[in-house]
Amino acid sequence: MRLRFLGSTSEAGACPSLYETDRGTIVVQGLRVTDGEALGDLRDVLEGETVVEIPRELLTEVAKRVLDR
């Protein structure tokens with residue numbers, strides 16, 4: 001699988017960031033959620049999966065760029 005950087009709202013390209021794969025999926029880079037209460041709200045997390053937190057602004061900014069292509 002290959003990744004193409006889509007964007008970040010962080011300085012110097014650090015996380016959180018979004019990437020598009022050559023398989024047509026999106027990869028999210030961000031800080032792992034470790035808050036027990038938040039993790040308790042999740043459903044159906046499979047073995048090997050994790051969740052990350054990203055700002056809403058990152059999704060909207062990258063979505064605009066991708067849709068404008």
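User: With which side chain does the side chain of Ser-17 make a polar contact?

Analyst: A polar contact is a pair of N or O atoms within 3.5 Å; within protein, one must be able to donate a hydrogen and the other to accept it, and residues adjacent in sequence count only if both atoms are side-chain atoms. Here the partner is the side chain of Ser-8, at 3.5 Å. This is a predicted model, in which local features need pLDDT of at least 70 and side-chain atom pairs count only at pLDDT 80 or more, while totals for chains, interfaces and linings use all residues. Residues are numbered from 1 along each chain as its sequence is written, and side-chain values use heavy atoms, with hydrogens and water left out.

User: Is Ser-17 buried or exposed?

Analyst: Buried means under 20% relative accessible area, exposed over 50%, and partly exposed in between (1.4 Å probe, protein chains only). Ser-17 has a relative accessible area of 0% and is therefore buried. Contact means heavy atoms within 4.5 Å; leaving aside neighbours within four places in sequence, Ser-17 is in contact with residues including Phe-5, Val-27 and Leu-58.

User: In which strand is Ser-17 found, and how does that strand pair?

Analyst: Helices (H or I, at least four residues) and strands (E, at least two) are DSSP runs, numbered from the N terminus. Ser-17 belongs to strand β2, residues 17-21. Two strands pair if DSSP finds at least two bridges between them. Strand β1 (residues 3-8) pairs with β2 in the antiparallel sense over five bridges, and Ser-17 is the bridge partner of Ser-8. With strand β3 (residues 26-29), β2 pairs in the antiparallel sense over four bridges; there, Leu-18 has Val-28 as its bridge partner.

User: Is Asp-44 buried or exposed?

Analyst: Asp-44 counts as exposed, because its relative accessibility is 71%. Leu-39, in helix α1 (residues 36-40), is partly exposed, with a relative accessible area of 35%.
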